[in-house]
Amino acid sequence: MISNHHIILPEPSLRRLPWYLAYIEILKAQGVEFVSSTQISRALNVDASQIAKDLSFLSLKGKTRIGYEVEALYDTLSEFLGFRTSHKAFVFGAGSLGAALMQDSGLSRYGLEIVAGFDVDPKKIGSTVAGVRIHHIDMLSEVMESSPASIGILTVPVEYAQETADIAIGEGIKALWNFTPYRVKVAEGVVMANTSIYAHLALIFNRLNAES
């Protein structure tokens with residue numbers, strides 16, 4: 001059994017592992033028993049030697065002329081990535097993006113359980129989105145006590161990003177998934193991941209303009 005607590009992968013490798021898992025999931029559903037790094041390479045446009053190197057971090061080695069066993073690959077990747085363990089999360093900012101994440105059943109399938117939402121808009125307080133109750137941010141301490149979470153998802157307006165992050169961390173949130181374009185600063189020891197929707201949008205626009 002592989003523990004993700006003891007293996008620190010280079011970030012590029014870690015980012016590729018969910019691609020492999022998604023492809024392996026498709027093969028598993030189709031009843032495919034073995035897959036080679038060449039097949040994965042063709043499907044995902046990642047160099048086969050890179051795939052073999054990434055999987056070797058997990059002590060996974062393909063057999064000559066057979067490849068990797070799909071079932072074992074699926075189990076190891078799922079476990080290593082933490083998708084088999086339930087991680088509780090709060091959403092900070094119950095606007096359109098926050099609400100969309102609360103309604104995304106795919107997140108729970110991969111181990112992220114959103115248990116509460118927080119906002120300051122009186123119209124949202126007390127309502128529920130996909131069964132998730134929205135509380136005033138002032139209730140964070142109370143909710144944390146009754147239904148603790150370790151992950152905070154930031155979807156607040158940019159001007160409130162840092163303040164909200166500080167409040168969340170102050171109440172015991174250990175990791176932040178930041179969807180705002182603001183580069184939030186956190187203390188050492190707090191896990192931070194930025195999903196830069198606007199940066200990617202800028203990239204798309206820039207490349208489109210370059211082609212026209």
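What covers the buried residues of α2? The views below take up that helix, the nonpolar cores and a pocket of a predicted model.

**View 1. Overall fold of the predicted protein.** The protein has nine helices and nine strands (DSSP runs numbered from the N terminus: H or I of at least four residues for helices, E of at least two for strands). Its C-alpha atoms fill a box of roughly 60 × 50 × 35 Å along the principal axes. Of its 212 residues, 36% count as buried (under 20% relative accessible area with a 1.4 Å probe, protein chains only). Among contacts (heavy atoms within 4.5 Å) with a separation of 6 or more, 60% join residues 24 or more positions apart.

**View 2. The buried side of helix α2.** In α2 (residues 37–44), S37, I40 and S41 are buried. They lie on the same side of α2 because they cover an arc of only 105° around the axis, taken from the directions from the helix axis to the C-beta atoms. An α-helix has 3.6 residues a turn, so residues three or four places apart point the same way. The cover over the buried residues of α2 includes α1 (11–29), β1 (34–35), α3 (48–56), β2 (68–69) and α4 (70–80). N45, with a positive phi near 60°, follows α2.

**View 3. The largest nonpolar core, and another.** A nonpolar core is a set of buried Ala, Val, Leu, Ile, Met, Phe, Trp, Tyr and Cys residues joined through side-chain atoms within 4.5 Å. The largest has 21 residues, and L17, I24, V35, L55, L73 and L77 have the most contacts inside it. Two or more residues of this core come from each of α1, α3 and α4, and α1 gives the most, with six. Leaving out residues up to four places away in sequence, L77 touches L17, Y20, L21, I24, L55 and L58. Another core, of 17 residues, lies apart from it and includes V143, L154, V156 and A168.

**View 4. Lining of the second largest pocket.** Lining this pocket are 18 residues, of which V120, V156, P157, Y160 and T164 lie nearest its centre. A pocket is an open set of points on a 1 Å grid over the protein atoms alone, where a 1.4 Å probe fits, with protein on both sides within 12 Å along at least five of seven lines; lining residues have an atom within 4 Å of a point. At least two lining residues come from each of α5 (96–102), β4 (112–119) and α8 (161–170).

**Notes.** Residues are numbered from 1 along each chain as its sequence is written, and side-chain values use heavy atoms, without hydrogens or water. In this predicted model, local features need pLDDT of at least 70 and side-chain atom pairs count only at pLDDT 80 or more, while totals for chains, interfaces and linings use all residues.

Technical notes: Buried < 20%, exposed > 50% of the residue type's maximum accessible area, 1.4 Å probe, protein only.
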